[in-house]
Amino acid sequence: TSSQVKLLRTSGETETAWKDGKIVFLATPLPEALRMLEKRFNVNFVLSNDRLRSEAFNGTFTNQRLERILEISSNIKWRYLDTQNTTNERARIEIY
């Protein structure tokens, strides 16, 4: 088998942002951005509109709350879903 290596030019900002507590989205595909936010804010996202998979997030965030990031980084609609209010259960957020 053969494999190819591809080099891409980058500023390094998105790769090293974590060490400064930043979240950087540069045309980040929505599913990837949601995975990053799930880890950072200990929540689960439910993507109920498949056409949003092609949406992208943009922005740099340091100390903003999750709600603020969702409001300004993409043109999506979201809402909290009911949970059983147990201490170990993650909040669930629907993206629609």
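Q: Which residues do ring pairs link into a cluster?
A: In this predicted model, ring pairs join Phe25, Phe57 and Phe61 into a cluster. Rings count as a pair if their centres lie within 6.5 Å, and a search of the whole structure finds three aromatic pairs.

Q: Why is the pair of tryptophan 78 and tyrosine 80 called edge-to-face?
A: A pair of aromatic rings is described by the distance of the centres and the angle of the planes. For tryptophan 78 and tyrosine 80 the centres are 5.8 Å apart and the angle between the planes is 80°. Since the cut-off for a pair is 6.5 Å and edge-to-face begins over 60 degrees, these two rings form an aromatic pair that is edge-to-face.

Q: What makes tyrosine 80 partly exposed?
A: The relative accessible area of tyrosine 80 is 41%. Buried would need a value under 20% and exposed a value over 50%, so tyrosine 80 with its 41% is partly exposed.

Q: How do you know that the charged end of arginine 79 sits over the ring of tyrosine 96?
A: The charged end of arginine 79 is 5.5 Å from the centre of the tyrosine 96 ring, and the distance has to be within 6 Å. A direction within 35 degrees of the ring normal is also required, and arginine 79 is found to sit over the ring of tyrosine 96.

Q: How many helices and strands does the protein have, and what pattern do they follow?
A: There are three helices and five strands, and read along the sequence they follow the pattern α-β-α-β-β-α-β-β.

Q: What makes strand 2 and strand 5 a pair?
A: At least two bridges are needed for two strands to pair, and strand 2 and strand 5 (residues 91-95) have five bridges between them, in the parallel sense. Within this pairing, the bridge partner of leucine 47 is isoleucine 95 in strand 5.

Q: Why is glutamate 67 called buried?
A: Glutamate 67, which is placed in helix 3, has a relative accessibility of 18%, and because the cut-off for buried is under 20%, glutamate 67 counts as buried. Beyond its neighbours up to four places away in sequence, glutamate 67 touches Trp78 and Tyr80.

Q: How do you know that the buried residues of helix 3 are on the same side?
A: The buried residues of helix 3 are Leu66, Glu67, Ile69, Leu70 and Ser73. They cover an arc of only 165° around the axis, which puts them on the same side of helix 3. An α-helix has 3.6 residues a turn, so residues three or four places apart point the same way.

Q: What makes asparagine 42 partly exposed, and where is its place?
A: Asparagine 42 is in the loop between helix 2 and strand 2. Its relative accessible area of 46% falls between 20% and 50%, so asparagine 42 is partly exposed. Its phi is near 55°, a positive value in a residue other than glycine.

Q: Which residues have the most contacts inside the largest nonpolar core?
A: This core has 18 residues, and those with the most contacts inside it are Phe25, Leu30, Leu37, Phe45, Phe57, Leu70 and Ile95. Helix 2 gives the most to this core, with four residues.

Technical notes: Residues are numbered from 1 along each chain as its sequence is written. This is a predicted model: local features need pLDDT of at least 70, side-chain atom pairs count only at pLDDT 80 or more; totals for chains, interfaces and linings use all residues. Side-chain values use heavy atoms; hydrogens and water are left out. Helices (H or I, at least four residues) and strands (E, at least two) are DSSP runs, numbered from the N terminus. A nonpolar core is a set of buried Ala, Val, Leu, Ile, Met, Phe, Trp, Tyr and Cys residues joined through side-chain atoms within 4.5 Å. Buried means under 20% relative accessible area, exposed over 50%, partly exposed in between (1.4 Å probe, protein chains only). Rings of Phe, Tyr and Trp (its six-membered ring) pair if their centres lie within 6.5 Å; planes under 30 degrees apart count as stacked, over 60 as edge-to-face and the rest as tilted. The arc is that of the directions from the helix axis to the C-beta atoms. Contact means heavy atoms within 4.5 Å.
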